[in-house]
Amino acid sequence: MSNTTHTRRLWLNLALLLLVGGLGALVWWQSNQPQKMPETLLTLTRADITRVEIVREPGSTKPDMIRLERTGELWRMLEPKQGATNPVRISQLFTLLDETVAASYDAAGKDLKQYGLEPGAVSVKFNDQTLLFGAENSLSRTRYLLHAGKIQLVSEAVFGLLTGEATALLANKLIPEGRSVKAVSLPDGFNAKAAGVIQNWQSADALRVEAYEGEVSKGKVILTLDDGSQIVLDLLSDNGELVLANIVSGIRYIMAETQWRYLLPIK
């Protein structure tokens, strides 16, 4: 082997060694850099939020509005009905806080109608930050949102909830969280002293909640709670599904037919 060939091999090995070392240093440097977190819609956390306002058909002269407010850890609906909220639905609503932004554009100069954002389908305000929902992108199945002067594409799971019946946000349970039933008064013909009646009312859970539509009452159920307050429910049905109305709150509870014998045992 000539000296020239040997020298070339030495230089080649040295070059390869430097290349491997350089790549290793690059990998080390990159692994020690702070990782950029994906952009999310809002910087708010769930603990920051005390008010939520949902406006359906924001471009109409009389848009529908839903107002929710948190006291401590409990959320209540203040408008259009009044009552405790469904914790599962509230958790679904707050998934928006964690959704990442797939794409973002400056809204200035853009035709917002093209994105369904003028006037928009529905808006939701968390404290003082508003998200306006527009059309769905037919290719990516993501939705256009307008927030803080930006058009953003987001994969979300709340549009149906925001545009559905307001009563879907209300709690299915008849007794507020943290309260307990101490006494029960039932309409004539029913036995309020039957075994297990108080506990059955305590755990009563509706299939669904709907708006009260002024049906005629067939009798009143009065539930006295541990703080001395009372829940008055009007009996609206006499067979099939058990239907009870909280007229003060403007809602009615649709209970399974099997609940008759547990909640309203006959004397």
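1. A salt bridge is taken here as a side-chain nitrogen of Lys or Arg within 4 Å of a carboxyl oxygen of Asp or Glu. Under that criterion, Glu79 and Arg67 form a salt bridge through their side chains, with N to O at 3.0 Å. The pair links distant parts of the chain, 12 residues apart: Glu79 belongs to strand β3 (residues 74-79) and Arg67 to strand β2 (residues 64-71). Helices (H or I, at least four residues) and strands (E, at least two) are DSSP runs, numbered from the N terminus.

2. The model is predicted: local features need pLDDT of at least 70 and side-chain atom pairs count only at pLDDT 80 or more, whereas totals for chains, interfaces and linings use all residues. Residues are numbered from 1 along each chain as its sequence is written, and side-chain values use heavy atoms, with hydrogens and water left out.

3. The secondary structure of the protein comprises 5 helices and 15 strands. Of its 267 residues, 36% count as buried; buried means under 20% relative accessible area, exposed over 50%, and partly exposed in between (1.4 Å probe, protein chains only). The protein exposes about 15800 Å², of which carbon and sulfur atoms supply 54%; accessible areas come from the Shrake-Rupley method with a 1.4 Å probe, and for residues only the protein chains shown count as cover. Among contacts (heavy atoms within 4.5 Å) with a separation of 6 or more, residues 24 or more positions apart account for 58%.

4. The structure holds 13 salt bridges. In the pair described above, Glu79 is partly exposed at 30% relative accessibility, and Arg67 is partly exposed at 31%.

5. A salt bridge also joins Arg143 and Glu156, whose closest N and O atoms are 2.9 Å apart. Arg143 lies in strand β8 (residues 143-147) and Glu156 in the loop between β9 (150-154) and α3 (159-163), so the pair ties together parts 13 residues apart in sequence. Arg143 is buried, with a relative accessible area of 9%, and Glu156 is buried at 18%.

6. In the salt bridge between Glu215 and Arg252, the closest N and O atoms are 2.2 Å apart. Glu215 sits in the loop between β11 (208-211) and β12 (220-225), and Arg252 in strand β15 (residues 251-255), so parts 37 residues apart in sequence are tied together. Glu215 is partly exposed at 22% relative accessible area, while Arg252 counts as buried at 16%. Salt bridges that share partners join Arg208, Glu210, Glu215, Glu241 and Arg252 into one network.

7. A nonpolar core is a set of buried Ala, Val, Leu, Ile, Met, Phe, Trp, Tyr and Cys residues joined through side-chain atoms within 4.5 Å. The largest has 54 residues, of which Val52, Val124, Phe126, Trp201 and Leu264 touch the most other members. Leaving aside residues up to four places away in sequence, the residues that Val124 touches include Val52, Ile54, Leu93, Leu131, Phe133 and Leu162. Another core, of 9 residues, lies apart from the largest one and includes Leu112, Tyr115, Leu132 and Tyr144.

8. The largest pocket contains about 990 Å³ of space. On a 1 Å grid over the protein atoms alone, a pocket is an open set of points where a 1.4 Å probe fits, with protein on both sides within 12 Å along at least five of seven lines; lining residues have an atom within 4 Å of a point. Grid points are joined across faces, edges and corners, and the volume is the space filled by probe spheres set on the points. Of the 41 lining residues, Arg76, Gly83, Ala84, Pro176 and Glu177 are the closest to the centre of the pocket. β13 gives the most to this lining, with 4 residues.
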